[in-house]
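Me: I would like to learn how to read a structure feature by feature, with the general idea set out before the particular case. Could we work through one in that way?

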Amino acid sequence: MGKIFLVVPDAPVEDVAQLTSSRSLSNAGIRLGVLDNSKGNADHLLNMIIEGVKKDFKVDSVVMTRKPFSSKPATDAILDQLAKEADLVVTAMAD
C-alpha cells in the first residue's frame with residue numbers, strides 16, 4: 001500500500017491534524033476528485049498529480065471540476081459534487 005501525503009501550505013497544523021477518513025484506500029480503487037482553481041497552468045500541474053496518484057493507487061474514476069474564477073471560493077454545488085463523487089480531492093494553484 002502506498003502512502004498519501006497531504007500538503008496544506010496555508011492551514012494551521014492543528015486544523016489539519018483533526019481530519020479523519022471514513023474509507024480505507026488500501027486495496028479498493030479510489031474515486032479521485034480534482035478541483036482546478038482556474039489559474040494558468042493549474043490544469044497541467046493537476047494532470048501531473050493525477051498521473052502520479054495513478055502510479056501508486058488503483059483509481060476507479062476521476063471527476064474534474066473547475067472554479068469559474070480563481071479569486072472566489074468554490075461554489076457549494078462544486079463542493080457538493082466532489083463530496084458525492086470523490087473519496088479524495090486534489091487541488092493546486094499554478095501560474
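Predicted model: local features only at pLDDT ≥ 70, side-chain atom pairs only at ≥ 80, totals over all residues.

Me: Which residues of E3 form its covered face, and which its uncovered one?

Reply: The general idea is that in a regular strand the side chains alternate between the two faces of the sheet. In E3 the covered face consists of Leu88, Val90 and Ala92, while Val89 and Thr91 make up the uncovered face. E3 pairs with E1 in the parallel sense, over 5 bridges, and within E3 it is Ala92 that stands opposite Asp36.

Me: Before I read on, how should I place these strands in the chain as a whole, and what is the pattern along the sequence?

Reply: The protein chain holds 3 helices and 3 strands, and read along the sequence they follow the pattern α-β-α-β-α-β. Of its 95 residues, 28% count as buried, and the chain exposes about 6,800 Å², of which carbon and sulfur atoms supply 55%. Among the contacts with a separation of 6 or more, 72% are accounted for by residues 24 or more positions apart.

Me: Now to the charged side chains: how many salt bridges does the count come to?

Reply: Side chains of opposite charge can pair when their charged atoms come close. The cut-off used here asks for a side-chain nitrogen of Lys or Arg within 4 Å of a carboxyl oxygen of Asp or Glu, and by this rule the count comes to 3 salt bridges. One of them joins Arg31 and Asp87, at 3.0 Å from N to O, and this pair links distant parts of the chain, with Arg31 in strand E1 and Asp87 in the loop between H3 and E3, 56 residues apart. Arg31 has a relative accessible area of 30% and is therefore partly exposed, and Asp87, at 28%, also counts as partly exposed.

Me: Which residue forms a salt bridge with Asp36, and how far apart are the closest N and O atoms?

Reply: The partner of Asp36 is Arg66, with the closest N and O atoms 3.6 Å apart. Asp36 lies in strand E1 and Arg66 in strand E2, so the pair ties together parts that are 30 residues apart in sequence. Asp36 is buried, with a relative accessible area of 6%, whereas Arg66, at 52%, counts as exposed. A further salt bridge is formed by the side chains of Lys58 and Asp60, at 3.2 Å from N to O; there Lys58 is exposed at 51%, and Asp60 is partly exposed at 47%.

Me: Is Lys67 buried or exposed, and which side chain of opposite charge is nearest?

Reply: Lys67 is buried yet has no salt bridge, and the nearest side chain of opposite charge, that of Asp36, is 8.5 Å away. Lys67 sits in the loop between strand E2 (59–66) and helix H3 (76–85), and, when residues up to four places away in sequence are not counted, the residues that Lys67 touches include Leu35, Asp36, Pro73 and Ile78.

Me: Which residues is Ala94 in contact with, leaving aside its neighbours within four places in sequence?

Reply: Contact here means heavy atoms within 4.5 Å. With those neighbours left aside, Ala94 is in contact with Lys39, Gly40, Asn41, Ala42 and Leu45. Ala94 lies in the segment after strand E3 (88–92) and is buried, with a relative accessible area of 15%.

Notes:
Residues numbered from 1 in each chain as written. Heavy atoms only, no water. Helix = DSSP H or I, 4+ residues; strand = E, 2+ residues; numbered from the N terminus. Buried < 20%, exposed > 50% of the residue type's maximum accessible area, 1.4 Å probe, protein only. Lys, Arg positive; Asp, Glu negative; His and termini not counted. Pairing = 2+ DSSP bridges. Areas by Shrake-Rupley, 256 points an atom, 1.4 Å probe, with all protein chains shown as cover.
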